[in-house]
Every structure is written in C-alpha cells, then in structure tokens.
Amino acid sequence: MGEQAPIDTRNAAKRGKSQSGTSTTGARKSAAPRAESRLAMVRRARRINRELADVYPYAHPELDFRNPFELLVATVLSAQTTDLRVNQTTPALFAAYPTPEELAAAVPEELEAIIRPTGFFRAKARSLLGLSAALRDDFGGEVPGRLEDLVKLPGVGRKTAFVVLGNAFGVPGITVDTHFGRLVRRWKWTEQEDPEKVEAEIAEIFPKSEWTMLSHRVIFHGRRICHARKPACGACPIAHLCPSYGEGETDPEKAEKLLKYEMGGQPGQRLNPPADYPGIPAPPLGGSGQASGPKGTKGMKGKV
C-alpha cells in the first residue's frame, strides 16, 4: 500500500458543527453546560459515539493476529509498550511457537530473547509460559470464550479478556486501557479512576451491542487526536461535544500538526491492517519508521 496524504478531518468537523453553526475547529467556548443532567450527559455520550463512528468507520484492534491464541499472546505483550512494537515482535514469536503446546514447552531464555523488544520481557515470558500451559492442560489447547475462564489464566485480567472476547469471539466488552480511561473522564462520562468502576459506569450509558466498537473508536481517537499531554483540540471533529475543549492546542493549523498515524499521514501500528484501513502499514522490525521500545524488566505487576 503506497503512501497517502493525511486524512482530512475538516469534513468530519463540518458534520459536527453545533446547531448554532459554530465551527468545531475554531476558538470557542465549551458547548457543554456547567450543570449537565445525567440524561443530557448520556445523550451527549451517545452522540459522541455516533460521530466517532463517522470519523473512524475502519476502527479495529491494532494488534496483528490470525486466531484467538495469537490475539491473547499479543495482548499480554502489549502491556506498557506500543501495539506497533508488539506487531513487529510477534511474527518471529509465532513462527517459533505457533500453538499453546509449543509455547508452553519453550526454553524461557529463548522466549525472553524473542520478546525482549516489548519490554518487561521476563515477567511477560512467565505469563506466556503459564497461560500456554493452562491452555494445554485445562482447555485442550484452545482459548476459552468465557470471561470467567480467561481471567484465570496467568497474566490475563479483564482488559485483556475483553480484547480477546470482543475481537476473537464476538462477545461484547468494554476495554478500559489508558486511552479509554483518559477520554471518558475528559468527556465527563465518569469520574472513576479504577478500570473496573470505569467499565461499570460506561456500560450503563451504552447498549451492550456497542461496547466493543465503542472501545475501538475511543482508543483510536485517543491515539490520533485526543492525546494525553497535548490534545489536538483545534483539529477535533467532536470538539463541539467536549466539555474539556481548550485543554490542548486550539489553533487549527497547529493542531493539525499534532495528528498521528493515518490522520497525520504516518504509518499505523499494524504490519497487516484490515483491507479498509486508509493509512500506511507499519514497517517490520528494523524497518524505517521503527519506534524505540521500552527497556527493563522491573515494574510490571498483576494482570492486564
């Protein structure tokens, strides 16, 4: 797939003008009322979801995978690193260990050497060896399709379980990663910090059928426009619905320069993106545009 120009967010912004005709990319006061009722918040939240669906009709999991086992392993590896770095690492991993039985029998040091670029490789290797052994011994070498079974696997928490359930089994779930939590608090959908409490409150706002795609859309928006340190407010197509407008760059031209991935005309995170992805595939490990990965093995605790 050849290089493409940055995706134009202006059309999406035009669609998202307020009823008064105020542009979403110019300087403006927040459209959200100071004392918003719960009903108004729910309506605004659902409108944001609808408009994000227009902006990101191609939203998808940004980990390369061909089956539930590969998605499970990739999601465990994605803790505290980028999906890009995981996608650059897993081809060699799955070539060496394509099944749970083979991964469970891996020599730890050899496994660590392969997954080292993802960071925290010793802790991740222990999780991969443990979950693969559990799949082999308790589930006939197959990834289970139930939440209560997935969270029993070493290194697998609710976030990882919902990624697998939603994208490998079609079971709706809300994935509360750092992007999702940050954005839903910015949008005043919740004030909770604990991921499980965030999940519970957001689940009350949206029908279950929307949970998986909502997660993808919010995470896409957090990675591309609504960044942690400097949101691109002036290029945001849902700025008219955001009570936190102005926390980032409001000048449209300056905000445009903050856009990432396909929105900024740059490679995405997947080496093998879906056919409808409008951007540029990521380079393989060692290729141009490669991002530097984390180092070290300390600090990764618990399940993700």
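Trainee: Among contacts in the chain between residues at least 6 apart in sequence, what share joins residues at least 24 apart?

Mentor: This is a predicted model, so take the answer as computed from it. In the chain, 66% of the contacts between residues at least 6 apart join residues at least 24 apart.

Trainee: Now for packing. What describes two packed helices?

Mentor: Two things: the angle between their axes and the distance between those axes. Take helix α6 (residues 108-115) and helix α7 (residues 121-138): their axes come within 9 Å and cross at roughly 120 degrees. That makes α6 and α7 oblique to each other, and their crossing is right-handed.

Trainee: Which residues make the contact?

Mentor: From α6, you have Pro108, Leu111, Glu112 and Ile115. On the α7 side are Phe121, Arg122, Lys124, Ala125, Leu128 and Leu129.

Trainee: Next, burial. How much of the chain is buried?

Mentor: Buried residues make up 51% of the 304 residues. As for the surface, the chain exposes about 14,400 Å², and carbon and sulfur atoms supply 50% of that area.

Trainee: Is serine 132 buried or exposed?

Mentor: Buried, because its relative accessibility is 0% and the class covers values under 20%. Serine 132 sits in helix α7. Leaving aside residues up to four places away in sequence, serine 132 touches Phe69, Pro100, Leu103 and Ala104.

Trainee: And threonine 75: where is it found, and which residues does it touch?

Mentor: Threonine 75 belongs to helix α3, residues 68-77. Its relative accessibility is 2%, so threonine 75 counts as buried too. With residues up to four places away in sequence left out, threonine 75 touches Leu63, Thr160 and Val163.

Trainee: On to cysteines. How many disulfides does the structure hold?

Mentor: It holds 0. Cysteine 226 is in no disulfide, and the nearest cysteine sulfur, that of cysteine 242, is 6.1 Å away. Cysteine 226 is buried, with a relative accessible area of 10%.

Trainee: Last topic, backbone angles. What is the phi of lysine 188?

Mentor: It is positive, about 65 degrees, although lysine 188 is not a glycine. You'll find lysine 188 in the loop between α10 (178-186) and α11 (195-203).

Trainee: What about the phi of tyrosine 261?

Mentor: Tyrosine 261 has a positive phi near 55 degrees, and this residue isn't glycine either. Tyrosine 261 is in the segment after α13 (252-256). With 18% relative accessibility, tyrosine 261 counts as buried, because the cut-off is under 20%.

Key. Residues are numbered from 1 along each chain as its sequence is written. This is a predicted model: local features need pLDDT of at least 70, side-chain atom pairs count only at pLDDT 80 or more; totals for chains, interfaces and linings use all residues. Side-chain values use heavy atoms; hydrogens and water are left out. Helices (H or I, at least four residues) and strands (E, at least two) are DSSP runs, numbered from the N terminus. Buried means under 20% relative accessible area, exposed over 50%, partly exposed in between (1.4 Å probe, protein chains only). Contact means heavy atoms within 4.5 Å. Accessible areas come from the Shrake-Rupley method with a 1.4 Å probe; for residues, only the protein chains shown count as cover. A disulfide is a pair of cysteine sulfur atoms within 2.5 Å. Axes are lines fitted to C-alpha atoms, for helices over the stretch in contact, and angles run from 0 to 180 degrees between N-to-C directions. Angles under 35 degrees count as roughly parallel, over 145 as roughly antiparallel, 65 to 115 as roughly perpendicular and the rest as oblique. A crossing is left-handed if the near helix is turned anticlockwise from the far one by less than a right angle, and right-handed if clockwise.
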